[in-house]
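Please open the model in your viewer and keep the selection tool at hand.

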Amino acid sequence: MDRALRLLIVDDDTVDRRICRRALARLDPPPTCVEAETAAEALQRLGEADIDCILLDFRLPDMDGLELLARINCHDVEQRVPVVMLTGADDVSVAVEAMRRGASNYVVKDVDARYQELMPTIVRHALRDRELQIARWRDEQALARYRGDLSDLAQRLMDTEKTTTRRLAQMLHDQLGQTLAAIRLGFDAVSANCAATANAKAKEQASRVSALIDDAVREVRQVLVTLRPPLLDDRGLVDALDNELRMQPLARDDVELRFEPAPALAGRRWPADVEYAAFMIAREAIGNALRHANATRVRVSVDGGEGSLHLRVADDGSGIPADLGRPGHLGIVGMRERALAIAAHFALETTPAKGTVVRLDWNAA
Ligand SMILES: Nc1ncnc2c1ncn2[C@@H]1O[C@H](COP(=O)(O)OP(=O)(O)OP(=O)(O)O)[C@@H](O)[C@H]1O
Ligand SMILES: [Mg+2]
């Protein structure tokens, strides 16, 4: 320790204060001791001088130690001065209570006065504990700030994604969609005009081109569905999910894909960003269950009410392998980010050979 500490001894007994002062003089370098006989005096001294640690007798004439402790500890962690309670053998339980309320430690004034030997060490420990406490508090603050920033960022990304996909969908629909519709009409007109004169080869080529136009129209529609979940804006999450499940191409006949919205949800709407995030998470979780799990049963359930939404996608498949091996899987990461953006709780529970459950729980702030 390089600088002399400033210690505040709060005790109404002159002899006890002197014992304390002597015991603490063994600190290296010897501390400066400030003394107070009452709680009021202690608070005044605290305001006047920079105190590193307080040694506080539990019994004071004007206030009990716990109340004084509460007043001393009412500041932010960084400004709190560590307090070591001084107590008689009869008051140990109170000292323990004081520690629960933020005292750093306590010293029992035993009749043999052995506590004097311990005091310098206890003060040093109290100071070190306070430093650790402050460091932890700062880390927690930084983590909370980082989480907040991350959530804002995820929210902004989701907003950008939404507007970009909207614009893209609009352009595809209004431009490529219209052009394809015009090609379809024009081609049908040309085919009808040439039908009488065309030879078999020309007819076969025409039929192939016609099929290609159909494919292109279907593909554009499919892209539109992927970009802009149908029904979500107009009818809400429950109808959009219902539609999404009906549209799922099932690779096997024995897969049961079931939608279980809570009965009271008919017509229920949530904020647009919450519905969008929940829909995209459900879409990813359903896609994963159908593509990776080799499941026979996939259940999607939605529950909630005003200000709350609970989504669950459960499969009875293989479970997610512990080591995913190859990089570039973005589905699960994306689900977490979407949940973060709407400040919802996201959980992924997976058990080998039993299946996977994806949960999203949102509650309005
Ligand atoms: N329900 C599931 N059951 C079994 N395995 C799963 C399940 N969900 C995910 N996985 C495993 O976790 C991996 C990562 O999933 P994730 O959704 O992040 O990526 P992906 O589906 O492979 O690719 P994409 O980025 O297109 O979503 C999958 O490749 C799969 O091995
Ligand atoms: Mg995926």
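Two strands count as paired if DSSP finds at least two bridges between them; helices (H or I, at least four residues) and strands (E, at least two) are DSSP runs, numbered from the N terminus. The model is predicted: local features need pLDDT of at least 70, side-chain atom pairs count only at pLDDT 80 or more, and totals for chains, interfaces and linings use all residues. Residues are numbered from 1 along each chain as its sequence is written.

Select 6–10 and 53–57. These are β1 and β3, parallel strands joined by four bridges. Leu7 stands opposite Cys53 in β3.

Now widen the selection to the open sheet, a parallel arrangement of five strands ordered β2-β1-β3-β4-β5. At its edges, β2 (32–36) and β5 (105–108) each pair on one side only.

Next, select 14–24. This is helix α1, which lies across β1, β2 and β3 at about 155° to β1 (axes are lines fitted to C-alpha atoms, for helices over the stretch in contact; angles run from 0 to 180 degrees between N-to-C directions; contact means C-beta atoms, placed from the backbone, within 7 Å). Helix α3 (65–72) lies across β3 and β4 (83–87), at about 160° to β3.

Move to Ala278. It touches Leu237, Leu309, Leu311 and Leu360, leaving aside residues up to four places away in sequence.

How values were computed: Chains are lettered from A and ligands numbered from 1 in the order in which they are written. Two residues are in contact if their C-beta atoms, placed from the backbone, lie within 7 Å.
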